[in-house]
Structure formats: C-alpha cells, structure tokens
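This report is written for a reader who is meeting the structure for the first time. Please look over the sequence and the model below before reading on.

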Amino acid sequence: MANPEHVALLTRIGDERNQAKAWNDWREAHPEIQPDLSGCRLDWEPVLLGADLRGVNLSWSYCPEGYFSGADLTGANLMGAIFRGRGTAKTEFSGTKLIGANLVLAIFDQTLMLVDHLKELGPA
C-alpha cells in the first residue's frame, strides 16, 4: 500500500503550475527515499509535467485524468495501474514495469519506451 506521507505530498502541493517542481524539489532533497504510491487513487487530475517519478512504485494505482507529459518514469512500477490520462507525450518509460497496466487513452507522441517487461495477458 501507498505510503500516506508520499500521497500527502502530492495532495498538498496545490497550484498545478508548481506540482512537478515541488515534487522534484522533495525528491532532490530526499534521494534515499523511493516513493511508494502503490494502490493510491490520484483522482484530482495531478499535473506532474516533467515530474521525477524514477523508481516510484505506482503499482495498482488509479489515475484517470493525470498529466505526466515530460515526466521521467524510468524504472517505475506501473504493474496493474490504470493511467487513462492523455497527457503522456514526451514521457520516459525506460525500464518501467507495465505488466497489466491500462494506458488505454495515453498519447505516446515523442515518448521513449525501452521496456522489457511487456507481456500479453490475453483479451481484456
């Protein structure tokens, strides 16, 4: 389950123009922490343009309307996550675990996706 402190960081960031900057500043100040947002509901349309989400555990999380364009999800775990937001252009997915992830409305324009964890799970 998600670490409540990590979820609280995202929910209290406030002004959408500063969400990614505040998150990135926190990541830079705490490089020893690997954020755990697994299983959380990001229902409020997070605007994390250019966010440093490297290595973040987002498995089984739900984000129907997020904006992650330009974000770095290198090595992140999105196993079973539902990310239906369209704002995924120019996003880095290298080494991201995407087994069972639902990215049905994602737009992968200018996106780097060097993923070795893709697996066909059969009909939805």
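Is Trp 23 counted as buried or exposed, and at what relative accessibility? Trp 23 counts as buried because its relative accessibility is 1%, where buried means under 20% relative accessible area, exposed over 50% and partly exposed in between, computed with a 1.4 Å probe on protein chains only.

## Basis and confidence

This is a predicted model, in which local features need pLDDT of at least 70 and side-chain atom pairs count only at pLDDT 80 or more, while totals for chains, interfaces and linings use all residues. Residues are numbered from 1 along each chain as its sequence is written, and side-chain values use heavy atoms, with hydrogens and water left out.

Among the elements of the chain, helix α1 (residues 4-11) has the lowest mean pLDDT, 80, whereas α2 has the highest, 87. Helices (H or I, at least four residues) and strands (E, at least two) are DSSP runs, numbered from the N terminus. Where pLDDT is low, the predicted coordinates should not be read in detail.

The buried residues of α2 are Gln 19, Ala 20, Trp 23, Trp 26 and Arg 27. Seen down the helix axis, these buried residues fall within an arc of 130°, taken from the directions from the axis to the C-beta atoms, so they line one face of α2. The face turned away from this buried side carries the exposed residues Glu 28 and Ala 29.

A search of the whole structure finds one aromatic pair. Trp 23 and Trp 26 form this pair, which is tilted, with 5.4 Å centre to centre and 40° between the planes; rings of Phe, Tyr and Trp (its six-membered ring) pair if their centres lie within 6.5 Å, and planes under 30 degrees apart count as stacked, over 60 as edge-to-face and the rest as tilted. Both residues lie in helix α2 (residues 19-29), three residues apart, which is about one turn of the helix. Trp 26 also counts as buried, because its relative accessibility is 15%.

## The loop between α2 and β1

Ser 59 is placed in the loop between α2 and β1 (62-63), and Ser 59 is buried, with a relative accessible area of 9%. Leaving aside residues up to four places away in sequence, Ser 59 touches Ser 38, Gly 39, Asn 77, Leu 78 and Met 79, a contact being heavy atoms within 4.5 Å.

Trp 60 lies in the loop between α2 and β1 as well, but Trp 60 counts as exposed, because its relative accessibility is 58%. Phi of Trp 60 is near 55°, a positive value in a residue other than glycine.

Notes:
pLDDT is the predictor's confidence in each residue, from 0 to 100.
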